[in-house]
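I set out to record, entry by entry, what I looked up in this structure.

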Amino acid sequence: MTTPNFTRLLGIDPGLRFTGFGVIDVHHHTMRYVASGVIKVAGEGLPDRLRSLIDGIHQVIDTYAPQESVIEKVFVNVNPQSTLLLGQARGAAISALVLKDLSVHEYTALQLKKAVVGHGKAKKEQVQEMVARLLSLPAKPQADAADALAAAICHAQNRVQLALLAENGALGALSKKGMRIKNGRLVSL
């Protein structure tokens, strides 16, 4: 569902047991909640679970027809085995998104929390509360769904900022100074 000023974003919070998803529509500076939930990943072994995750994400994409996707980057956990498994879930989720021809944008948990709550050390409950407020929800979403919605909100805010920079001619000025925007960040050429 695309119009010149309207984009549907899909946020994903990957996991091997539960993967959160959140869908919002963005129109200029306005965000509108569409849907959110949790994909309950099923299966006995890792290959079956990854297949279940991919199928679940494809179902969400087929249902809501997003134009862009956003996924949280993996953080290094205390337990290396958990980090490896989360990385495999994230890889399967990214594969599911690109197989459906969606662009994939990535943000760290710190970036997501900062965009939604205002600081990167926010607790899950704070993220849930702020997501509910920002999207005018009647209740706090489940934690995994809230994280996925936070990813979509973070990208929506970055899209607005980049559009404002482009309108003001700032992107051309950055290019002349040997800088550019890559994945929402200012980097040297």
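**Entry 1: Gln126**

I located Gln126 in helix H4; helices (H or I, at least four residues) and strands (E, at least two) are DSSP runs, numbered from the N terminus. I note that the model is predicted, so local features need pLDDT of at least 70 and side-chain atom pairs count only at pLDDT 80 or more, while totals for chains, interfaces and linings use all residues. Residues are numbered from 1 along each chain as its sequence is written, and side-chain values use heavy atoms, with hydrogens and water left out.

Setting aside neighbours within four places in sequence, I found Gln126 in contact (heavy atoms within 4.5 Å) with Val117 and His119. I also looked up Val116, which is 10 residues from Gln126 along the chain; their C-alpha atoms are separated by 9.0 Å.

**Entry 2: The whole protein**

I recorded six helices and seven strands. From the N terminus on, their order is β-β-β-α-β-α-β-α-α-α-α-β-β. The protein has 189 residues, of which 41% are buried. Of the contacts with a separation of 6 or more, 53% are between residues 24 or more positions apart.

**Entry 3: Helix H1**

I checked the length of helix H1 (residues 46-64): at 1.5 Å a residue, its 19 residues should span 27 Å, and its end C-alpha atoms are 27 Å apart, which agrees. The expected span is 1.5 Å times one less than the number of residues. The buried residues of H1 include Leu50, Leu53, Ile57 and Ile61. I noted the general rule that an α-helix has 3.6 residues a turn, so residues three or four places apart point the same way. The buried residues of H1 pack against strand S1 (6-13), strand S2 (18-27), strand S3 (30-40) and H2.

**Entry 4: Two positive phi values**

I found Ala65 in the loop between H1 and strand S4 (68-72). Ala65 has a positive phi, near 50 degrees, and is not a glycine; at 37% relative accessibility, Ala65 is partly exposed. I found Asp101 in the loop between H2 and strand S5 (103-107). Asp101 also has a positive phi, of about 60 degrees, and is exposed, with a relative accessible area of 71%.

**Entry 5: The cores**

I looked next for nonpolar cores (sets of buried Ala, Val, Leu, Ile, Met, Phe, Trp, Tyr and Cys residues joined through side-chain atoms within 4.5 Å). The largest has 20 residues, and those with the most contacts inside it include Phe21, Leu53 and Leu97. S1, S2, H1 and H2 each give two or more residues to this core. H1 gives the most, with six residues. Apart from this core lies another, of 15 residues, among them Val116 and Ala152.

**Entry 6: The largest pocket**

Which residues lie nearest the centre of the largest pocket? I found Asp13, Pro14, Glu72, Phe75 and Leu86 there, among 21 lining residues. On a 1 Å grid over the protein atoms alone, a pocket is an open set of points where a 1.4 Å probe fits, with protein on both sides within 12 Å along at least five of seven lines; lining residues have an atom within 4 Å of a point. H2 supplies the largest share of the lining, four residues.

Technical notes: Buried means under 20% relative accessible area, exposed over 50%, partly exposed in between (1.4 Å probe, protein chains only).
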